[in-house]
Amino acid sequence: MKQIFFLLFSGLVFSLFSQNYLHQVLIPNEGYYDYQTSTQGAPVTIGSFNPSTQTYQEVSTINGMRFASDLIIEGNVYYVAADTKILMYDLNSHALLDEVNCPGVRNLAFYQGKLVATRGEYVTTYSSYLHVYDANNLNLITAIDTVQGPKWAAQNLVVDGAKAYVAVNNGYEWGNEKGIIGVLDLNNLTYGNELDLGPNGKNPDNLVKYGNFLYSVNNKDWSGASVSKVALDFSSNATVNLAAATGCGTSALRDDKLIYQISMQSDLNTFDIALMNNIGPVAGHQTNYYELAQEPLSSNLYCTETDYVTFGKVKIFDQSNVELLEFNAGVAPGTVAFDVRALANLAELTEVLVVSPNPCNDYINVNLKGEKRLVDALGKNVLVSS
């Protein structure tokens with residue numbers, strides 16, 4: 001009973017004191033496109049998971065696109081990178097607000113009214129692999145050409161201050177993969193100061209920031225994988241090969257560690273970014289995942305699963321790797337984006353919170369006036385009382 005009381009108390013503290021809450025989780029379902037027959041087996045859709053009601057629904061369908069590769073939330077809108085288009089939606093109604101053609105769009109980043117997009121496509125050469133748009137209306141501000149900008153296909157983006165770090169991998173040209181981190185100045189929109197990660201750092205598939213460093217998970221030439229650590233000012237960098245890796249299927253930053261999976265395997269592994277070495281497999285995970293993302297408030301881990309043709313699932317784990325929930329999510333659920341919002345009309349508490357009895361059985365008393373909410377680990381309301 002003492003454990004039950006602790007869980008309830010944690011819920012009350014969260015509800016009374018937290019300044020933010022998780023409103024929804026947006027997931028682009030990449031659909032299924034048959035490249036052999038050039039037919040769309042399942043369309044690209046956008047799904048929304050409500051953590052309070054623990055329900056999932058499709059909120060938009062993007063017709064005519066083979067896949068979707070990224071989704072980011074900014075203010076009251078969200079942006080989707082889908083094959084040959086960038087689309088802007090209202091965050092509440094999910095109404096399509098605007099769209100722009102951008103063949104080969106891969107990843108997106110936002111900075112002070114600007115939307116940065118990387119590009120790349122199989123057996124396709126572009127005159128620009130880096131675009132910048134007006135985030136309000138998706139008008140193209142500049143397409144940085146291959147003379148002034150990246151010379152090969154680019155993928156992930158990390159924004160830090162007024163700089164966008166760009167992972168240039170040329171991953172669509174077999175045998176000519178690159179491992180370059182470039183910098184886009186977001187104020188004057190000039191690109192430069194590239195860093196080559198070396199032969200073991202080719203083909204960066206994921207790029208994250210922690211502290212004063214960037215970390216990239218690299219697929220090399222698809223026969224191996226590595227992790228690179230790069231100082232934000234490029235003053236130092238190091239690359240470590242992942243033992244027995246034949247390419248990483250997915251990876252994400254979880255607290256102060258990287259978690260990753262080797263392609264086609266079901267073990268979830270942990271990599272210590274401070275020591276730059278493997279720690280070992282994570283208990284409780286024996287599924288081949290497609291995408292991984294840590295929710296910023298509860299630190300729950302969202303893991304997506306798919307066979308790429310017929311189904312998609314999302315599993316949610318707590319910090320102890322206990323599975324909290326599983327739900328269906330279209331086909332090939334990809335990027336997981338968290339819509340975190342501020343609680344409205346939250347008054348600062350000046351009284352001491354007293355909850356009794358302790359331990360509790362059938363009821364609890366809370367001394368403070370106003371609405372109280374008991375929430376579980378997913379943010380679902382267990383009890384609401386005034």
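**Strands, sheets and cores in a predicted model**

Ile-180 stands opposite Asp-196 in β17. This pair belongs to a predicted model, in which local features need pLDDT of at least 70 and side-chain atom pairs count only at pLDDT 80 or more, while totals for chains, interfaces and linings use all residues. Residues are numbered from 1 along each chain as its sequence is written, and side-chain values use heavy atoms, with hydrogens and water left out.

The strands β16 and β17 (residues 190-196) run antiparallel and are joined by five bridges; two strands are said to pair if DSSP finds at least two bridges between them. Four residues lie between β16 and β17 in their hairpin, and Leu-189 in the turn has a positive phi of about 55 degrees.

For the chain as a whole, one helix and 34 strands are found. Helices (H or I, at least four residues) and strands (E, at least two) are DSSP runs, numbered from the N terminus. Of the 386 residues, 50% are buried, where buried means under 20% relative accessible area with a 1.4 Å probe, counting protein chains only. The chain exposes about 17800 Å², and carbon and sulfur atoms supply 49% of this area, computed by the Shrake-Rupley method with a 1.4 Å probe. Among contacts (heavy atoms within 4.5 Å) with a separation of 6 or more, 43% are between residues 24 or more positions apart.

The largest nonpolar core has 16 residues, of which Val-116, Leu-130, Val-166, Val-168, Leu-184, Leu-186 and Tyr-191 touch the most other members. Such a core is a set of buried Ala, Val, Leu, Ile, Met, Phe, Trp, Tyr and Cys residues joined through side-chain atoms within 4.5 Å. Two or more residues each come from β10 (105-111), β12 (128-134), β14 (154-160), β15 (163-168) and β16 (180-185), and β15 gives the most, with three residues. Leaving aside residues up to four places away in sequence, Val-166 touches Thr-118, Leu-130, Ala-154, Asn-156, Leu-157, Ile-180, Ile-181, Gly-182 and Tyr-191. A second, separate core of 15 residues includes Tyr-79, Met-88, Val-100 and Leu-138.

Six bridges connect β19 (residues 213-218) with β20 (residues 226-231); Val-227 in β20 is the bridge partner of Val-217.

Further along, β28 (residues 312-317) and β29 (residues 323-328) run antiparallel, joined by five bridges. Lys-313 has its bridge partner, Asn-328, in β29. Five residues separate the two strands of this hairpin, and Asn-321 takes a positive phi near 65 degrees.

Finally, Thr-287 sits in the loop between β25 (277-286) and β26 (291-294). Thr-287 is buried, with a relative accessible area of 13%, and touches Gln-261, Ser-266, Glu-305 and Lys-315, not counting residues up to four places away in sequence.
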